[in-house]
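Okay, thanks for having me, everyone. Let me put the model up and then talk you through it.

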Amino acid sequence: MRIEFVSSARGDFHWSRPVLTIGRGDDNDLVVSEPQVAARHVTIQRDRRGLVLSVSPDAGRVYVNARPVRERALLRPGDSLSLGDCRMLLRDDADLDARETLAPTESRCTVALRPVAGPLSGRVVAVGDRLELGSTHGALPLELPGNDPALLTLSWDGDELVLDASRVPARHAVRVNGVKIVRTSVQPGDQIGIAAHRFIVDGPGWTAEPVPVVAEPEADTATAPVEPSRGGEVWWLILTAALLALGIAAVLFVHF
């Protein structure tokens, strides 16, 4: 088992013993020097059920897959563990062995999609070489209003992680950091939104340069030419009519 630190340059922590202690104190197996972390925050122990997380009574907030844990929880590879502001991903060593067998050009950092709103909240989904969200066979279900068929994909193009929303109906706008897109590169920390779903891209150790998100060009619409304002002419006409009315009234008053 190994632990990856999300959005941190800290290297992976490898662990093979039956018990793992995590906290701010120097006597822990894994020391996390964060103000919100207690001296002995949590303990992870292997037993017949798998990995059991135990939270110390005096510890602060602990979340597993964005859900609060007060006493105990069962863990499995792929789970996200948060102690205060420190977020970690639990990985199986088998995943690392498989990654190391790839050719150098195919080796990439671990990237995950973390739902923070919508029906998929609480899960952490590894992107791998390609991740599909939608209604097609083999894709992770993506519920949309009206059950419209859709396919949203994340895949690698060289060193870039590309989000493709070309097979999502136009009425379900896909936005990256609030900007409507059809296809764009994404990086750690980017927020992807579609209907009620919100996802955060997590990539521990990924130090790529930020890529600006370009908004989808809006459909061309005919723009009627703007005529010069005729407000001044209207006021002159009103003033002229008033003066004429006043003159007529004066003539009638003198005559009669």
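I'll go through the strands, then the cores, then a cavity and one histidine.

Quick housekeeping. This is a predicted model, so local features need pLDDT of at least 70 and side-chain atom pairs count only at pLDDT 80 or more, while totals for chains, interfaces and linings use all residues. Residues are numbered from 1 along each chain as its sequence is written, and side-chain values use heavy atoms, with hydrogens and water left out.

So, what is in the chain? Two helices and 21 strands. Those are DSSP runs numbered from the N terminus, helices being H or I with at least four residues and strands being E with at least two. Of the 256 residues, 38% count as buried, where buried means under 20% relative accessible area, exposed over 50%, and partly exposed in between, with a 1.4 Å probe and protein chains only.

Let's look at some pairing, which here needs at least two DSSP bridges between two strands. Strand 3 (residues 19–23) runs antiparallel to strand 5 (residues 42–47), with four bridges, and Val19 sits opposite Gln45 there. Strand 5 also pairs antiparallel with strand 6 (residues 50–55), this time through six bridges. Arg46 has Leu51 as its bridge partner, and the two strands make a hairpin with two residues between them.

Further along there's an open sheet of six strands, antiparallel, in the order 13-12-21-20-17-18. Strand 13 (125–126) and strand 18 (179–181) are at the edges with a single partner strand each, so one side of each has no neighbour in the sheet. Inside that sheet, strand 12 (residues 112–117) and strand 21 (residues 197–202) pair antiparallel over five bridges, and Leu113 stands opposite Val201.

Now the cores. A nonpolar core is a set of buried Ala, Val, Leu, Ile, Met, Phe, Trp, Tyr and Cys residues joined through side-chain atoms within 4.5 Å. The largest has 27 residues, and Ile22, Leu30, Ile44, Leu53 and Leu81 have the most contacts inside it.

Take Leu30. Contact means heavy atoms within 4.5 Å. Skipping neighbours within four places in sequence, Leu30 contacts Ile3, Phe5, Arg10, Phe13, Leu20, Thr21, Ile22, Gly23 and Met88. There's a second, separate core of 26 residues, with Leu142, Leu152, Leu161 and Val186 among them.

Next, what lines the largest cavity? Leu113, Leu131, Leu133, Leu152, Thr153, Leu154, Leu163, Ile192 and Phe199. A cavity is a set of points on a 1 Å grid over the protein atoms alone where a 1.4 Å probe fits but cannot get out, and lining residues have an atom within 4 Å of a point. The space in there is about 40 Å³. Strand 15 (151–157) and strand 14 (130–134) each supply at least two lining residues, with strand 15 giving the largest share, three residues.

Last stop, His172. Where is it? In the loop between strand 16 (160–167) and strand 17 (174–176). Buried or exposed? His172 counts as buried because its relative accessibility is 7%. Leaving out residues up to four places away in sequence, His172 touches Leu144, Pro145, Asp148 and Ile194.

Methods:
On a 1 Å grid over the protein atoms alone, a cavity is a set of points where a 1.4 Å probe fits but cannot get out, and a pocket is an open set with protein on both sides within 12 Å along at least five of seven lines; lining residues have an atom within 4 Å of a point. Grid points are joined across faces, edges and corners, and a volume is the space filled by probe spheres set on the points.
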